[in-house]
Amino acid sequence: MKEDSLLIDLIETIFGEPKSVNEYSGQISVDCPVCSYEIKGLSKTDGKGNLEINYQQHVYKCWACAETHGTHGHLGKLIDEFGSKKDKKTYKLIRPDKFEKKEKVYKKLELPKEFKKFDEIHPVHIPRKEAYNYLKKRGITDEIINKYGIGLCIEGEYQGRIIVPSYNKKGELNYFVGRSWNTRAKLKYKNPEAAKDFLIFNESLINWKKDIYLVEGVFDSFFLDNSIALLGKYVNDNLWEMLYTKAKKNIIVCLDGDAFDDAKKLYDKLNGGSLYNRVKLAKLPKDKDVGDLKGEINDYILIEK
Ligand SMILES: [Zn+2]
């Protein structure tokens, strides 16, 4: 949309070049002026990119100082405070008259109707055998299969995929991941359309009073007790909020070995406010992920960054 690009330009004029722009979610991150000037007393911005602005929803929030300095709210407030007269005028022209909460409506999620548990299919059935061998090869035991309710689809839209369901704290399905067991498949993952930007994968299994590990993939999470699969390298706002308010012990960032720069960014983002000094960073060997370590993660947690 034209308004979007005008707004991105305006944000860039006021806050400098964004550290990241996500056109799908409408999220931009820039350096926080409150953190940089008011809190740290710097003469230029701190380079952390902690201020997140959502230009589709016209809201903003700083990961580091939202709680302590009230750096969150409607975008108009932020522009009033840091924009020039001209910037404020520009914003007035592009801001919508009415703010409708743009929440996508997703239909209630259900497992594929062809979904079956492993023990519902005869063990000599060939596709079942292939799927089961694939899991064994990745170190996934019967115990893990039962704990996570892992199943498979032999036909239908998710044919040839192992299905890992995710449940929210009320025990309702909130997502599932469909991983092809054929290692040559073009599309490794096929996942449903659902509110992924709000998702906490297997929230039902998390104990907020214990150390929490953040890992990239669902298959990583099987090998670390009390871990959360991010389904990527980022923490969404909902998960951030939950970590910020509910996590009582440490949070250990354990992204894949080849994503250490992203892991560091995530560490910086989380290590503030009530989480300060409780966030730890694991540095995995370049070609390794959590599944390769077989639980020896503590050997890889950095003492100093
Ligand atoms: Zn800030």
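User: Before we get going, what makes two strands count as a pair here?

Analyst: Two strands pair if DSSP finds at least two bridges between them. Keep in mind that this is a predicted model.

User: OK, so what makes β13 and β14 a pair?

Analyst: Strand β13 (residues 251–254) is joined to β14 by three bridges. The cut-off is at least two, so they pair. The two strands run parallel, and Ile251 stands opposite Val279 in β14.

User: What packs on the sheet there?

Analyst: Helix α10 (residues 260–270) does, touching β11 (212–215), β13 and β14. Its direction makes about 170° with that of β14.

User: Why are β12 and β14 said to stand at the edges?

Analyst: The open sheet has four strands in the order β12-β11-β13-β14, with parallel pairing. β12 (227–229) and β14 (279–281) each have a single partner strand, so one side of each is left without a neighbour in the sheet. As for the twist, it averages 25° from one strand to the next.

User: Switching to helices, how do you know that α1 is roughly antiparallel to α5?

Analyst: The axes of α1 (residues 2–15) and α5 (residues 85–94) come within 10 Å and cross at roughly 160°. Angles over 145 degrees count as roughly antiparallel, so α1 and α5 get that label. The crossing is left-handed.

User: Which residues meet there?

Analyst: From α1, Glu3, Leu6, Leu7, Leu10, Thr13 and Ile14; from α5, Asp87, Thr90, Tyr91 and Ile94. That contact divides into six nonpolar, two polar and two charged residues.

How values were computed:
Residues numbered from 1 in each chain as written. Predicted model: local features only at pLDDT ≥ 70, side-chain atom pairs only at ≥ 80, totals over all residues. Heavy atoms only, no water. Axes fitted to C-alpha atoms, helices over the stretch in contact; angles between N-to-C directions. Parallel < 35°, antiparallel > 145°, perpendicular 65-115°, else oblique. Left-handed = near helix turned anticlockwise from the far one by under 90°. Contact = heavy atoms within 4.5 Å. Nonpolar A, V, L, I, M, F, W, Y, C, P; charged D, E, K, R; others polar.
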